[in-house]
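Dear colleague,

Please find below the structure that I am handing over to you, together with its sequence. My findings follow directly after it.

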Amino acid sequence: MNDNINVDELKRIDIVALAEKVGFTVAPRGGGKFTTKEHDSLVLFPRDNSWHRFSDDDAGGDTIAFLMYWQRLDFKTACTELQNFAGILPAPSADKVTVQLKWVPQAQFAGYYEAQSKGYY
């Protein structure tokens, strides 16, 4: 994965499709919400692409947090998985540039240094 991650784009990935991809059986719950057969306390909110697990007060968030929580992934790995899932190309990285100066400016002073070494200056 490229280190330049477009996090906003990853957060827009469909949370319901993502839940199905990782193996949950998703069903409508009403009011535009979805739940899963495996965890009835897990509620998906496709309107804002978020989720919350009501049996765990602190669990919830966006698509990245979803993969980090349910797949036990670190941030970078979760982003890589989301990029692969959605077919998103990583953001381009900055190319490394090497600058090499011409040797001519150095040679211009060679005569001075030679004259200085012979005591003319």
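In this predicted model, His52 has Gly60 of β5 as its bridge partner. Strand β4, which covers residues 50-53, pairs with β5 in the antiparallel sense, and 2 bridges join them.

These strands belong to an open sheet of 5 strands with antiparallel pairing, in the order β1-β2-β3-β4-β5. Because β1 (26-30) and β5 (60-61) each have a single partner strand, they stand at the edges, and one side of each is left without a neighbour in the sheet.

Helix α3 (residues 63-70) packs on the sheet and touches β3 (42-45), β4 and β5. The direction of α3 makes about 35° with that of β4.

Thr63 lies in helix α3 and deserves a separate word. Thr63 has 0% relative accessibility and therefore counts as buried. Its side chain reaches the backbone oxygen of Leu10 at 2.7 Å. Apart from neighbours within four places in sequence, Thr63 is in contact with Leu10, Lys11, Ile13, Ile15, Leu18, Asn49 and Leu82.

Helix α3 also packs against helix α4 (residues 75-86), at an angle of about 115° and with the axes 9 Å apart. The two helices are therefore roughly perpendicular. In this arrangement, α3 passes α4 in a right-handed crossing. On the α3 side, the contact is made by Thr63, Ile64, Leu67 and Met68; on the α4 side, it is made by Phe75, Ala78, Cys79, Glu81 and Leu82.

Yours sincerely

Conventions
Residues numbered from 1 in each chain as written. Predicted model: local features only at pLDDT ≥ 70, side-chain atom pairs only at ≥ 80, totals over all residues. Heavy atoms only, no water. Pairing = 2+ DSSP bridges. Helix = DSSP H or I, 4+ residues; strand = E, 2+ residues; numbered from the N terminus. Contact = heavy atoms within 4.5 Å. Axes fitted to C-alpha atoms, helices over the stretch in contact; angles between N-to-C directions. Buried < 20%, exposed > 50% of the residue type's maximum accessible area, 1.4 Å probe, protein only. Polar contact = N/O pair within 3.5 Å; in protein donor to acceptor, adjacent residues only side chain to side chain. Parallel < 35°, antiparallel > 145°, perpendicular 65-115°, else oblique. Left-handed = near helix turned anticlockwise from the far one by under 90°.
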